[in-house]
Amino acid sequence: MENKIKHLEMIEHIIERMAKNSFQLKTWTMTLVAAIFALSSKDANKQALVFVFIPTIGFWLLDSFYLQKEREYRILYENVTKTDEGNINFSMNTGNAKPVCYWKCFFSTSELLFYPVLLASFVILMFV
């Protein structure tokens, strides 16, 4: 039983790291957006807001990748919980698990409540 617990702890640490990466990307996005808004309002240059779109979409794509990996490791975690103690091999390969669709992660609730709302606010601010 000790091997199984150690393996599950290893997977938990990876899941935790993926969740932290996702949170940090959202933090970096907000920091970048605030900086660009501050610079564009200072010079009254609304065209500078266009530069917000590229990094925001890039962060959204990367955040979706981390969410996909996190979900794959959650499936691995479930598979390890069902594995007998004698068959624990400490494999961290998620390729044997059910594949997780990247686009389902891209359009997940956690992503849609953050990035599209942020992009919509950019559009509104550009025309105000």
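F90 lies in the loop between helix 2 and helix 3 (102-106), helices and strands being DSSP runs (helices H or I, at least four residues; strands E, at least two) numbered from the N terminus. The model is predicted: local features need pLDDT of at least 70, side-chain atom pairs count only at pLDDT 80 or more, and totals for chains, interfaces and linings use all residues. Residues are numbered from 1 along each chain as its sequence is written, and side-chain values use heavy atoms, with hydrogens and water left out. Most residues other than glycine have a negative phi, and most peptide bonds are trans. F90 is not a glycine, yet its phi is positive, about 60°. Its relative accessibility is 32%, so F90 counts as partly exposed. Here buried means under 20% relative accessible area, exposed means over 50%, and partly exposed lies in between (1.4 Å probe, protein chains only).

Two packed helices are described by the angle between their axes and the distance between the axes. Helix 2 spans residues 50-82 and helix 5 spans residues 115-127. They pack at an angle of about 175°, with their axes 10 Å apart. Axes are lines fitted to C-alpha atoms, for helices over the stretch in contact, and angles run from 0 to 180 degrees between N-to-C directions. The two helices are therefore roughly antiparallel to each other. Helix 2 contributes V50, V52, F53, T56, I57, F59, W60 and D63 to the contact. Helix 5 contributes Y115, P116, L118, L119, F122, V123 and M126. Contact means heavy atoms within 4.5 Å. The residues of this contact divide into 13 nonpolar, 1 polar and 1 charged. In this scheme Ala, Val, Leu, Ile, Met, Phe, Trp, Tyr, Cys and Pro count as nonpolar, Asp, Glu, Lys and Arg as charged, and the others, Gly among them, as polar.

Helix 5 has 13 residues and should span 18 Å at 1.5 Å a residue. The expected span is 1.5 Å times one less than the number of residues. The end C-alpha atoms of helix 5 are 19 Å apart, which agrees. Y115, L118, L119 and F122 of helix 5 are buried. Seen down the helix axis, the buried residues fall within an arc of 100°, so they line one face of helix 5. The arc is that of the directions from the helix axis to the C-beta atoms. An α-helix has 3.6 residues a turn, so residues three or four places apart point the same way. The face of helix 5 turned away from its buried side carries the exposed residues V117, I124 and F127.

E111 is found in helix 4 (residues 109-112). E111 is buried, with a relative accessible area of 0%. Leaving aside neighbours within four places in sequence, E111 is in contact with K26, W60, D63, S64, L67, C105, F106 and P116. K26 belongs to helix 1 (residues 2-43). At 17% relative accessibility, K26 also counts as buried. Not counting residues up to four places away in sequence, K26 touches D63, S110, E111, F114 and Y115.

L112 is likewise found in helix 4. L112 is partly exposed, with a relative accessible area of 36%. Beyond four places in sequence, L112 touches W60, F107 and V117. L112 and L76 are 36 residues apart in sequence and 26 Å apart in space, C-alpha to C-alpha. Y102 is placed in helix 3. Residues up to four places away aside, Y102 touches L61, S64, F65 and Q68.

Two further residues of interest, M30 and E12, are placed in helix 1. M30 has 39% relative accessibility and counts as partly exposed. Its contacts, not counting residues up to four places away in sequence, are F114 and L118. M30 and A97 are 67 residues apart along the chain, and their C-alpha atoms are separated by 34 Å. E12 is partly exposed, with a relative accessible area of 39%. E12 and E70 are 58 residues apart in sequence and 9.8 Å apart in space, C-alpha to C-alpha.

How values were computed
Angles under 35 degrees count as roughly parallel, over 145 as roughly antiparallel, 65 to 115 as roughly perpendicular and the rest as oblique.
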